[in-house]
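Let's take a walk through this model by way of its charged pairs, then stop at one more residue. Have the viewer open as you read.

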Amino acid sequence: MRGIPRISGTLLGALAGVTALLATGALATPAGAAAPKPDNPAVRQVPADAQEQARDFWTPQRMREAKPLDLLGVGRAGVHKALRRGAPATVAPTSAGPGVLAFPNSGGAWTGGGKVVSTAGRVFFSYQGRTASCSGNAVTSANKSTVVTAGHCVKLEGAWHTNWVFVPGYHDGQAPYGRWAATKTLSTPQWTASEDINYDIGAAVVAPLDGRALTDVVGGQGLAFNTGYGLRMYSFGFPAASPYDGEKFIYCSGTTSRDFVLSGDHGMACNMTGGASGGPWFSQFDEATGTGLLSSVNSFKYNFLPNRMYGPYFGTDAQNLYQAAQSS
């Protein structure tokens, strides 16, 4: 990974709209903002009035009509830094149980039930004048209010997304557990500074709703960091680009492998499309209970490998991002 340049704007123009979670370009630090230090996640604070506006903005009709934020399309300029790794670490580990659905699976509706049905959800926000959607997941956290998603689902091309809400358990334009507005959104410093695909990880801290914290309502999944490659993993999301429509909760499963092309990411056979961005990848996933350890998120596809999904390795910087979010 070291020495490989970033994606160029010219190349991204050619990649846009093919098999992208979203085409990324060179991203300059916004005017007047200091570049984040290597260990410090970048943070956007959301005023209370903007949080209320975001909740009101996302009506059932707007949620149904939101356009999927594409899966990132990556070319040879996609990554340029080596991944930082540390000691393996887990948060609230769960034991794997007997499988009840097909494994591996390259994309199908999740019918297994369990906790994942409430912890996972759609993410909605405004991006470049349009309503857009991604996916995300609530995690175990000290503040009981942390959501993990992809970096490009909180910030892209120099601008933080606005009207950002998390809708756990979304279906058919409905928000069975409410619309949770972000009080702040965060991303890794590498994603903020240069949209390095190795670090396409984002998080949000959401405000209480009706006096209750997020994970008190929907629960929270565990997490794992620095746990290596070649893992049995399950990926979830709400793909909204054809042939999907964003209304179904879709999963893929399989034994992952390290990206052999450019990045240091995990790869899995998966036909999910745009809108799945930011959906959780679990290791040690128990189909019977719908619980596991969040170990990556849906990030990108290569245009020449449209049926293979990639997600960032959760190393030291992912762990730092999680710690910054949960301690907020």
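Glutamate 247 and arginine 122 are both buried (under 20% relative accessible area; exposed is over 50%, partly exposed in between, with a 1.4 Å probe and protein chains only). Their side chains meet in a salt bridge, at 3.9 Å from N to O; the term means a side-chain nitrogen of Lys or Arg within 4 Å of a carboxyl oxygen of Asp or Glu. This pair links distant parts of the chain, 125 residues apart: glutamate 247 sits in the loop between strands E15 (232-237) and E16 (250-255), arginine 122 in strand E6 (residues 120-127). Helices (H or I, at least four residues) and strands (E, at least two) are DSSP runs, numbered from the N terminus.

A quick word on provenance: this is a predicted model, where local features need pLDDT of at least 70, side-chain atom pairs count only at pLDDT 80 or more, and totals for chains, interfaces and linings use all residues. Residues are numbered from 1 along each chain as its sequence is written, and side-chain values use heavy atoms, leaving out hydrogens and water.

The whole structure has 3 salt bridges. Another one joins aspartate 216 and lysine 144, with the closest N and O atoms 3.4 Å apart. Aspartate 216 belongs to helix H6 (residues 214-218) and lysine 144 to the loop between strands E7 (130-138) and E8 (146-149), so the bridge ties together parts 72 residues apart in sequence. Aspartate 216 is partly exposed at 41%, and lysine 144 is partly exposed at 37%.

Finally, alanine 42, in strand E1 (residues 42-45), counts as buried because its relative accessibility is 11%.
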